[in-house]
Amino acid sequence: MNFRIFTISMLLGGFVPGAGYAAESAVPNILFCIADDASANSFGAYGCEWIKTPAIDRLANEGARFQNAYCNNPKCAPARAALVAGRYSWQLKEAANHWSAFPKEFKFYPHLLRDAGWHVGFTGKGWGPGAHFTPDNPAGPEYNAVRLKPPYKGITKFDYAGNFAAFLDENTAGKPFCFWLGVKEPHRAYEKDSWKKDGRKLEDVSVPGFLPDNALVRADLQDYAIEIEWYDTHVGRSIQILEERGLLTNTLVVVTSDHGMPFPRAKGQVYEEGARVPFIVYWQGVVQPGRVIDDFINFPDVAPTFMEVTGQPIHAQMTGKSFLDVLRAPGSGQIDPTRDHALLGKERHDTGRFSEEGTDLAYPVRSIRTKDYFYSH
């Protein structure tokens with residue numbers, strides 16, 4: 001497929017890390033890349049051998065890979081609410097739920113940065129689904145005008161990387177920028193049997209142990225894999241855009257997903273495949289390459305981290321804890337001994353587990369995950 005060729009050619013050219021790894025010399029830009037329904041185990045950087053993600057894997061090799069990153073609440077709207085507001089989902093009132101509304105009282109890090117003079121925007125999927133009461137999405141002003149012809153029907157027409165370029169074109173004043181690259185893949189629905197058109201083989205699939213291993217599941221996973229690779233393509237194109245414009249050397253790049261894959265016992269569930277997410281940070285001159293970090297981080301920690309990175313005060317509403325100190329530290333393993341657990345939960349989501357009488361048993365849930373144990377109530 002053309003998008004694979006594009007990614008591979010970009011990687012052959014490469015992007016070269018900075019020679020030194022000292023304190024940053026200037027306030028960095030931020031490129032925040034987030035997939036929709038992608039498990040950590042679906043990326044090469046996290047050990048997947050049958051889904052090809054060369055651009056994201058390269059960022060991990062030249063940056064840091066968090067082994068214990070969690071989304072707090074494994075559904076689109078509440079997970080993204082925790083990201084933009086810097087609070088645990090159960091601290092966000094209606095925004096803790098799916099297809100709800102974001103109360104007016106909460107502040108969002110993209111809006112705070114915009115008010116401080118930053119160039120801010122998002123493409124694809126920002127915060128949602130649900131209603132918000134600000135003129136712009138909590139992720140910022142929308143940039144979705146640039147479209148393309150997707151390779152398969154399950155993939156949206158948004159040219160995410162093209163919209164990122166358009167966003168940069170508007171920044172004629174040269175302001176520092178913060179952009180949310182919200183790819184809508186690999187969210188369902190998929191074009192059925194797109195894996196056949198793509199020349200894939202069912203025997204190449206590694207089926208998670210919590211799913212039945214049969215042809216139907218393997219086919220579904222291959223259709224899912226195509227859209228993971230589509231995400232990787234747009235991350236790769238965006239990195240190339242930054243490099244071509246001389247912006248990569250001063251841009252903090254984060255690659256993650258809002259929660260796990262859209263399969264049973266994953267998306268919407270606090271189990272490992274649903275709540276643990278990929279989290280890769282690339283920052284030339286600051287984050288040493290090849291680091292593998294064991295510290296537990298959670299989505300409420302992202303907003304205060306971005307505020308501290310940009311030199312802005314951490315808003316009083318933010319209950320998460322910045323992990324900038326972890327990013328700056330050398331070496332791998334456990335950096336901050338206090339980051340030894342993740343708190344997870346869910347409220348009244350959409351469908352989950354049902355009893356024989358039809359009662360939804362999926363809420364409420366509170367859980368804690370440590371290095372060795374998982375407890376859920």
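Colleague: Across which strands does helix α2 lie, and at about what angle does α2 run to β8?

Modeller: In this predicted model, helix α2 covers residues 54–61. The helix lies across three elements, namely β2 (64–70), β7 (251–257) and β8 (279–282). Relative to β8, helix α2 runs at about 65°.

Colleague: In what order do the 7 strands of the open sheet stand?

Modeller: The pairing in this sheet is mixed. From one strand to the next, the twist averages 15°. The order of the strands is β4-β6-β1-β7-β8-β2-β9.

Colleague: Which strands stand at the edges of the sheet?

Modeller: An edge strand here has a single partner strand, so one side of it is left without a neighbour in the sheet. The strands in this position are β4 (119–124) and β9 (291–298).

Colleague: How many bridges join β4 to strand β6, and which residue is the bridge partner of Phe122?

Modeller: Strands of a sheet pair through backbone hydrogen bonds, either parallel or antiparallel. Strand β4 and strand β6 (residues 177–182) run parallel, and 6 bridges join them. Within β6, the bridge partner of Phe122 is Trp180.

Colleague: Are α5 and α7 roughly parallel or roughly antiparallel?

Modeller: Helix α5 (residues 160–170) packs with helix α7 (residues 215–244) at an angle of about 25°, and their axes are 8 Å apart. Angles under 35 degrees count as roughly parallel. Therefore α5 and α7 are roughly parallel.

Colleague: Is the crossing of α5 and α7 left-handed or right-handed, and which residues of α7 make the contact?

Modeller: The crossing of these two helices is right-handed. From α5, the contact is made by Tyr160, Ala161, Gly162, Phe164, Ala165 and Leu168. From α7, the contributing residues are Trp230, His234, Arg237, Ser238, Ile241 and Leu242.

Colleague: Does Glu308 count as buried, partly exposed or exposed?

Modeller: The place of Glu308 is in helix α9 (residues 302–309). Its relative accessibility is 37%, while buried means under 20% and exposed means over 50%. Glu308 therefore counts as partly exposed.

Colleague: Which residues does Glu308 touch, not counting residues up to four places away in sequence?

Modeller: Glu308 and Ser322 are 14 residues apart in sequence, and their C-alpha atoms are 7.2 Å apart in space. With residues up to four places away left out, Glu308 touches Ile314, Ser322 and Leu324.

Note on methods. Residues numbered from 1 in each chain as written. Predicted model: local features only at pLDDT ≥ 70, side-chain atom pairs only at ≥ 80, totals over all residues. Heavy atoms only, no water. Helix = DSSP H or I, 4+ residues; strand = E, 2+ residues; numbered from the N terminus. Buried < 20%, exposed > 50% of the residue type's maximum accessible area, 1.4 Å probe, protein only. Contact = heavy atoms within 4.5 Å. Pairing = 2+ DSSP bridges. Axes fitted to C-alpha atoms, helices over the stretch in contact; angles between N-to-C directions. Parallel < 35°, antiparallel > 145°, perpendicular 65-115°, else oblique. Left-handed = near helix turned anticlockwise from the far one by under 90°.
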